[in-house]
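Me: I would like to go through this structure term by term. Please set each value against its definition.

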Amino acid sequence: TFVVTEGCIRCKYTDCVDVCPVDAFREGPNFLVIDPDECIDCAVCVPECPVAAIFAEEDVPRDQLDFTPLNAELALKWKPITRTKPALPDADDWSEVKDKRDHLER
Ligand code: SF4
Ligand code: F3S
């Protein structure tokens, strides 16, 4: 499966969702996740993300490994998003910020 990591938090550009052939993305207030039960590992979403937040499970950076179970957990709770929409209003202010985990809204 593919995994959305920290870079997405407070940005949510949503370019990724338009290309997913199986509508695997789920939307929270300021972050998206991929439902691991839906993702077919096509990888087309990876280059769409302006902040490079999406990784194949086997390529998730070491300091982002907690995002794999987090995607699975939140996918059970959040609703599908299938069309790109405007990013969060201050997305560009957060796109280069590291250590954004504490800002994740569930
Ligand atoms: Fe969707 Fe393919 Fe990305 Fe999985 S890898 S979330 S199937 S676009
Ligand atoms: Fe998030 Fe990147 Fe998609 S910022 S919403 S994973 S395009």
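**Asn30, then the rest**

Reply: Asn30 sits in the loop between strand E2 (25–27) and strand E3 (32–34). Helices (H or I, at least four residues) and strands (E, at least two) are DSSP runs, numbered from the N terminus. This is a predicted model: local features need pLDDT of at least 70, side-chain atom pairs count only at pLDDT 80 or more, and totals for chains, interfaces and linings use all residues. Residues are numbered from 1 along each chain as its sequence is written, while chains are lettered from A and ligands numbered from 1 in the order in which they are written.

Me: Why is Asn30 called partly exposed?

Reply: Asn30 has 18 other C-beta atoms within 10 Å. A residue is buried if 20 or more other C-beta atoms lie within 10 Å of its own, exposed if 12 or fewer, and partly exposed in between; C-beta atoms are placed from the backbone. Therefore Asn30, with 18, is partly exposed.

Me: What does Asn30 touch, not counting residues up to four places away in sequence?

Reply: Asn30 touches Ile9, Arg10, Lys12, Leu88, His103, Leu104 and Glu105. Contact means that two C-beta atoms, placed from the backbone, lie within 7 Å. Asp99 is 69 residues from Asn30 in sequence and 15 Å away in space, C-alpha to C-alpha.

Me: Why is Lys79 called exposed?

Reply: Lys79 has 8 other C-beta atoms within 10 Å, so it is exposed. Lys79 lies in strand E5 (residues 79–80). Leaving aside neighbours within four places in sequence, Lys79 is in contact with Arg26 and Glu27.

Me: What makes the radius of gyration agree with a compact globule?

Reply: The rule is 2.2 Å times the number of residues to the power 0.38, and the radius is taken over C-alpha atoms. For 106 residues, a compact globule would have a value near 13 Å; the protein has 12 Å, which agrees. The C-alpha atoms fill a box of roughly 30 × 30 × 25 Å, taken along the principal axes. Buried residues make up 32% of the 106 residues.

Me: What pattern does the protein follow along the sequence?

Reply: The pattern is β-α-β-β-β-α-β-α. The protein has three helices and five strands. Among contacts between residues at least 6 apart in sequence, 80% join residues at least 24 apart.

Me: What makes a set of residues a nonpolar core?

Reply: It is a set of buried Ala, Val, Leu, Ile, Met, Phe, Trp, Tyr and Cys residues joined through C-beta atoms within 7 Å. The largest one here has 26 residues, and Val4, Cys16, Ile34 and Ile54 have the most contacts inside it. Its largest share, four residues, comes from H2. Leaving aside neighbours within four places in sequence, Val4 is in contact with residues including Leu32, Ile34 and Phe67.

Me: How do you know that the buried residues of H2 are on the same side?

Reply: The buried residues of H2 are Phe67, Leu70, Asn71, Leu74 and Ala75. They cover an arc of only 125° around the axis, which puts them on the same side of H2. The arc is that of the directions from the helix axis to the C-beta atoms. These buried residues pack against E1, E2 and E3. The face turned away from the buried side carries the exposed residues Pro69 and Glu73.

Me: Which residues around ligand 1 are the closest?

Reply: Cys20, Ala24, Cys39, Cys42 and Cys45 are the closest of the 14 residues that surround ligand 1. A residue counts if its C-beta atom, placed from the backbone, lies within 6 Å of the molecule.
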